[in-house]
There are 2 protein chains.
Amino acid sequence: MTLTGKHLIGNRESAGSADSFSPANPSLGTALEPLYFEATEAEIDDAVSLATAAFDPFRRRLAEARADFLDAIANEVLALGDELLERASAETGHPLPRCASERDRAVLHTRQFAELVREGSWVDARIDLPDPTRQPLPKPDVRSLMQPVGPVAIFGASNFPIAISVLGADTMSAFAAGCPVVIKAHPGHPGTCELAARAILRAAEATRMPEGVFSLLHGKSNAVGAALVSHPGIVAAAFTGSLGGGRALFNVASARPVPIPFYAEMGSVNPVFMLPGALKARSARIAEGFVAALTAGVGQFCTNPGLVLGLESDEWADFSETAREKVAAWAPATMLHAGIHSAYESGIADLLERESVELLGRSSAAADPAKSEAAAYLFRTTQQVLLDDPTLFNELFGPVSTLVSCGSPEDMVAIAEKLEGSLSATIHGTETDLADYRELVTVLQRKAGRLIFNGYPVGIEVCHSMHHGGPYPATTHSHFTSIGTRAISRFIRPVCYQDWPDTMLPMELQNANPRGVWRMLNGQRTRDGVVG
Amino acid sequence: MTLTGKHLIGNRESAGSADSFSPANPSLGTALEPLYFEATEAEIDDAVSLATAAFDPFRRRLAEARADFLDAIANEVLALGDELLERASAETGHPLPRCASERDRAVLHTRQFAELVREGSWVDARIDLPDPTRQPLPKPDVRSLMQPVGPVAIFGASNFPIAISVLGADTMSAFAAGCPVVIKAHPGHPGTCELAARAILRAAEATRMPEGVFSLLHGKSNAVGAALVSHPGIVAAAFTGSLGGGRALFNVASARPVPIPFYAEMGSVNPVFMLPGALKARSARIAEGFVAALTAGVGQFCTNPGLVLGLESDEWADFSETAREKVAAWAPATMLHAGIHSAYESGIADLLERESVELLGRSSAAADPAKSEAAAYLFRTTQQVLLDDPTLFNELFGPVSTLVSCGSPEDMVAIAEKLEGSLSATIHGTETDLADYRELVTVLQRKAGRLIFNGYPVGIEVCHSMHHGGPYPATTHSHFTSIGTRAISRFIRPVCYQDWPDTMLPMELQNANPRGVWRMLNGQRTRDGVVG
């Protein structure tokens, strides 16, 4: 497929600006074709206006039709074949197998949302039957269900060019809800975005979705994103990226005359607690697993384990030594782009300068800066240093972690209490450890969105129970997740129907329950119909 | 019971400031005893610190214990007897029967949240079972459920001193979730707040809840509310009141270093559409019902019908004439306080000055300004005036409404499209009307949180399916409601447990399902246990 570099505004291609930019191949340090253009205010307005016009026809399609649209997207993505993987690899430095696994993941969550829509109970239909004889006032017939909010803006992540970008769960959950989507393509992988967007547009056409249900805009400047979030037609936005970028757009969204929710997932430090029983039983195996998790994706996961805590002991020393060896053996690899690479290098330089932090180990092979390669680093410090200098809690994006030696279980709890919100917190331990460290668990329940036992935070299962969220700064709103089927909650709101005629109700609220969904009827869950 | 005017900070009484204020009896224009004090920064900090310390012990209590706490609150409120009703009446001008119905409503929703907690399925427990043999990676055991977010700040409404204030669904849903509450008492009815707060504290003591689970702070200045919302220990806030006040505090909450959700319910214009079939069949009866709704609570409901639309016709003229007569017959009554009364009077004066708006009728009896009495007003205009001057859409708090004559069904749709977000939208019609005006319904589904057929928006049923919310400016976040059991959603977030040992999981996630809650197991709803 020939890439054009143009915005895809519904079925129209557009490139109205003279400002353009080239994506780069970070492994080679060379520019990639074609040029991509900055979206103009007019183009942003066109995309949002089309999305606004598409909202009513899109949400009124039967659930089955929306599910077919999602399945068609999955098929079109598979039909892109190696071209998608190769472009993603060229734009991000990810090896091809990684790109393939991202593609499979995107197909999986797209089909999962199709299934969710087909099954239908996600609308949380509730019915409270009337009682005309109630005193002092008759009780009305009250029913409610979730409906889509309207056109949403989506900003994909740099680190998952396929699975958390145009084809991410943000897009698919918005479509599942019935919301048109305007995507701001990530400037690090605009070609991957264009391929993915064309797949979505083909699926939309094949399943006869209204024009404007999807548009793709390009832009490297912050102005494009801010203008999109500011547009009065956009009613919600989702974002995956840095704390700086996410907070800036959150501020724009909150300051609008009509403020809108801005759901940002901004990464976190993802602490790992190594409890004594686990280290005693298998410190070497845990260290291997830890370094594998630390270096996965060149450390560019939002759930990268940035802080590891253990009690001073021989086993902790053994763990540290094995981790050091594994880090030394890890071959430097290309980061996503030169900007991320240079932020990583300066973060490492800053840590190396600190007297309070000791360099424990690093990749023994040299990293090639021309290829934006990162070496892995392991630092070591004590709990007191961490308590005195909270900046050590800050996430440094890349394959680096700090081991923190604690004097007592209480120290661990004290550090946990100081942590900011995190996407995940991990404990390695025996079941006895877990019972002994109940206080630590209690604190972590307040700090993190996901608690992992004897595993690693990277690799997020795509399922109904997954929660990829957490207290700020992990996200801007801890009630919501960006992965798993609960992600649909961001794009829906309840609408209540009082004394509404049965035939005019949304199907999920009609007496006969023609879609057979689970409902709450006078407080009881049931799939039964109601005798009208 | 002797009122003290002091803050109730956990079990301690405090009045550290020299600044004080007196509540007033709006019917008499006189001050009420005792003096109430402005909360100081230190007192705010004390209350939030206690709440923070109470969070873990409170949320770890068994669900049954939290339900008992809620039931005990309901009993203590009933035990306050007439004293609560008399104080509320003195502070707000509400007649005693109205105060009694508010009290009954507060008891009802408090017991409803107790029942919700006892039943337990609100935690939305989800389990996806593991598959160690899956390729290329084993599938972990992933489970999640809703947990409380932490200490919340609550701001009650002026217009419901019992049902939407200290004893409101905000407080009860936060307790149900497991969140400690710090309330900023409404300065219009601080004595009612003090009585209610003492009832809650007695219930907390009787059911051995941790100190700090509830505190009450007073203050008339905006600074107290802003300081409370700014406190780092507060993780969410709920508010019912004016657009100006709600937006100001929303801005504070959003600008914090760690932003928090600020759930404000700020009222709305609540349009009513009178369709031809209904007017033909029963225009007089609809007009009577409309004026009863318009003047209920002296028009001081957030769901007060501020705009009524009909097609120019003889029936619409009949409706208008009956409404005029009913408004003329309505006796002026005391508003909540002098400030609201004077805002109403100046809003009316502004409408009377406009050439584009015609005075159709008003209460024939004179209103006594010394008693803060409001007359009811009915204005009339055309759809073109409304389209040209959107300020007519603004809510004027009190017993006033504007009838808008439309030339065609398309005009009605055009006006609906111009509406801002609203808590409710009402249609009077036959079922044939509803089918004929499908486009109008489609627009209203985007604009309102609740759609009412052949009824009136005032009088909100307390039930599982109720939604009292809507797009901005009705609320700051359309996903959430402040009335009905869904209100608990504001104070909870998912927490996910990966490969966690069964015995250490929250009860609702354990294999055996000891609480017998509804769960989503591998995507299927069931109350069955899991074979571990």
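Predicted model: local features only at pLDDT ≥ 70, side-chain atom pairs only at ≥ 80, totals over all residues.
Local features need pLDDT of at least 70 and side-chain atom pairs count only at pLDDT 80 or more, whereas totals for chains, interfaces and linings use all residues. Residues are numbered from 1 along each chain as its sequence is written, with chains lettered from A and ligands numbered from 1 in the order in which they are written.

**View 1. The open sheet of chain A.** In chain A, 7 strands form an open sheet of mixed pairing in the order S2-S1-S11-S10-S9-S12-S13, where strands are DSSP runs of E with at least two residues, helices are runs of H or I with at least four, both numbered from the N terminus, and two strands pair if DSSP finds at least two bridges between them. Strand S2 (12-14) and strand S13 (262-265) of chain A are the edge strands, each pairing on one side only.

**View 2. Strands S12 and S13 of chain A.** Strand S12 (residues 236-240) of chain A runs parallel to S13(A) and is joined to S13(A) by 4 bridges. Phe239(A) has Ala264(A) as its bridge partner in S13(A).

**View 3. Contact between chains A and B.** In this view, 60 residues of chain B are in contact with 60 residues of chain A, contact meaning that C-beta atoms, placed from the backbone, lie within 7 Å. S23(B) gives the most to the side of chain B that touches chain A, with 6 residues.

**View 4. Strand pairing between the chains.** Strand S22 (residues 448-453) of chain A pairs with S23(B) in the parallel sense over 3 bridges, and Leu451(A) stands opposite Tyr497(B) in S23(B).

Definitions and conventions:
Contact = placed C-beta atoms within 7 Å.
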